[in-house]
Amino acid sequence: MFASWDKFPLKTILIFLIAIISMNLAYFQHTKTLLINHQQEKISLVTSTISSEMSKQNEVEATYDDMLAHELRTTSLVIQKTLDPDFHNVTNEQLVALSKKLNIAGITLFERRDDDLIGVRSSDPKEVGASSKTWGIVYSAQMQLTDRKSVDVGTGLTLENFWSG
């Protein structure tokens, strides 16, 4: 059998080997390209799905935040109608009872003192005397509200005499 190899010239064997190697390389390169393209399509599909789901999640969160803000607005109007407009005539005990009745975490009344807002009455004793000056956009929103301005802090829900964010 090996004697039959002697009948083929060396050039023919080399050309045959080069042709086989070239075809194998071309096949390998083509397969590699197909696999890469397939993986890129999969990645694109996954990325698109994740992006779509995140967008939907953001919409759900925005709707929830908006609903919560409207509920807070309604609660704040109830608080406003229930309490005396002068905080001096409101007790911390009234705020405790009202927060329980309204099923909210707490109520704090603030008084503006120069460039600060200080908690003057609260259902939480820790908030009496607390300053909101370090609260960032909440402080900015509170200051705009006490200036009787429409709140513009770049986030949250702004309604007449109300901001939630």
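Select Ser 132 and Gln 142: their side chains are joined by a polar contact of 2.7 Å. A polar contact is a pair of N or O atoms within 3.5 Å; within protein, one must be able to donate a hydrogen and the other to accept it, and residues adjacent in sequence count only if both atoms are side-chain atoms. This is a predicted model, in which local features need pLDDT of at least 70 and side-chain atom pairs count only at pLDDT 80 or more, while totals for chains, interfaces and linings use all residues. Residues are numbered from 1 along each chain as its sequence is written, and side-chain values use heavy atoms, with hydrogens and water left out.

Stay on Ser 132, in the loop between strand 2 (116-122) and helix 3 (137-146). Helices (H or I, at least four residues) and strands (E, at least two) are DSSP runs, numbered from the N terminus. Is Ser 132 buried or exposed? Ser 132 counts as buried because its relative accessibility is 0%; buried means under 20% relative accessible area, exposed over 50%, and partly exposed in between (1.4 Å probe, protein chains only).

Next come the salt bridges, of which the structure holds four. A salt bridge is a side-chain nitrogen of Lys or Arg within 4 Å of a carboxyl oxygen of Asp or Glu. Select Lys 133 and Asp 115, which meet in one of them at 2.7 Å, N to O. Lys 133 lies in the loop between strand 2 and helix 3 and Asp 115 in the loop between strand 1 (108-113) and strand 2, so this pair ties together parts that are 18 residues apart in sequence. Lys 133 is partly exposed at 38% relative accessibility, and Asp 115 is partly exposed at 41%.

Move to Glu 111 and Arg 113, whose side chains form a salt bridge of 3.0 Å, N to O. Glu 111 is partly exposed at 24%, as is Arg 113 at 42%.

Then select Lys 56 and Glu 53, a salt bridge with its closest N and O atoms 3.7 Å apart. The two are separated by about one helical turn, because they are three residues apart in helix 1.

Finish at Leu 14, in helix 1 (residues 10-82). Leu 14 is partly exposed, at 44% relative accessibility.
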